Amino acid sequence: MKKEVIVALDFPTVEESLEFLEKFGDEKLFVKIGLELYLQNGQVVVEQIKKLGHKIFLDLKLHDIPNTVYGAAKGLAQFHVDILTVHAAGGYEMLKAAKQGMVDGGSFDTNVIAITQLTSTSEQDMREYQCIPLTLEKSVIHYAKLAKQAGLDGVVSSVWEAGKITENCGEDFLKVTPGIRLETDEVGDQKRVATPKVASVEGSTHIVVGRSITKAEKPVEVYHFIKEQFTK
């Protein structure tokens with residue numbers, strides 16, 4: 001499977017996003033449109049970025065009753081994004097409904113993947129706030145297996161669970177891993193972080209990189225450095 005770097009467009013406006021993408025000229029990227037960008041701008045941001053030929057990871061983390069998630073996924077199918085996220089905590093029926101909604105909406109190539117545990121969540125946080133008495137790794141693997149059973153295409157986890165997810169769900173199951181930092185970067189609000197090179201070794205299929213690229217003085221150069229570190 002081809003490894004890919006996804007650039008998180010964590011900007012508040014379409015204009016700022018497009019201005020950032022202009023720095024890359026004609027180069028086509030794989031970009032993440034998350035809650036901040038989507039909720040403040042709506043579908044226009046997806047339409048404009050798709051029109052430019054970039055691949056889209058629509059990170060909306062859907063989490064509701066199965067019927068509502070089905071309807072949302074079916075509606076989003078019109079955009080034919082490359083990846084859509086839902087929360088594994090929504091359960092088997094909700095996960096299954098998300099994938100079915102996308103298919104029924106006519107988007108057969110969109111990978112629907114499940115959020116396991118956020119990379120900003122520590123094991124202590126998980127036990128204290130979610131009342132899950134497992135290790136964090138076991139919780140992530142449980143959610144990954146649930147997503148696989150429901151017919152989803154992969155999960156979002158930290159780099160540190162990617163190898164175990166492969167063991168339990170197979171090589172072709174997507175392991176999309178945020179929390180990527182260069183050795184010189186600050187950790188920020190993330191807790192389970194890793195470098196691009198470590199992510200490659202651990203088995204990530206995709207890494208999501210935001211501030212390391214978007215806040216860099218020379219974002220294009222940093223992007224290519226990270227891509228080389230991850231994909232070579």
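**Exercise 1.** Does D10 count as buried, exposed or partly exposed, and what is the relative accessibility behind that class?

*Solution.* The structure is a predicted model, in which local features need pLDDT of at least 70, side-chain atom pairs count only at pLDDT 80 or more, and totals for chains, interfaces and linings use all residues. Residues are numbered from 1 along each chain as its sequence is written, and side-chain values use heavy atoms, with hydrogens and water left out.

Step 1. Recall the classes: buried means under 20% relative accessible area, exposed means over 50%, and partly exposed lies in between (1.4 Å probe, protein chains only).

Step 2. Apply them: D10 has a relative accessibility of 40% and therefore counts as partly exposed.

**Exercise 2.** Determine which residues are joined with D10 into one network of salt bridges.

*Solution.* Step 1. State the criterion: a salt bridge is a side-chain nitrogen of Lys or Arg within 4 Å of a carboxyl oxygen of Asp or Glu. Side chains of opposite charge can pair when their charged atoms come close. The whole structure holds 7 salt bridges.

Step 2. Begin at D10, whose side chain meets that of K32 at 3.6 Å, N to O. D10 lies in the loop between β1 and α1 (14-22) and K32 in strand β2 (residues 30-33), so this pair ties together parts that are 22 residues apart in sequence. Helices (H or I, at least four residues) and strands (E, at least two) are DSSP runs, numbered from the N terminus.

Step 3. Continue from K32, which is buried at a relative accessible area of 13%. The side chain of K32 also forms a salt bridge with D59 (3.8 Å, N to O). Because D59 lies in strand β3 (residues 55-62), the pair links parts 27 residues apart in sequence.

Step 4. D59 is buried as well, at 5% relative accessibility. K61 forms a salt bridge with D59, their closest N and O atoms being 2.7 Å apart. K61 is partly exposed, with a relative accessible area of 24%.

Step 5. Conclude: through shared partners, D10, K32, D59 and K61 form one network.

**Exercise 3.** Describe how the lining of the second largest pocket divides by residue class.

*Solution.* Step 1. Recall the classes: Ala, Val, Leu, Ile, Met, Phe, Trp, Tyr, Cys and Pro count as nonpolar, Asp, Glu, Lys and Arg as charged, and the others, Gly among them, as polar.

Step 2. Divide the lining: 4 residues are nonpolar, 3 polar and 6 charged.
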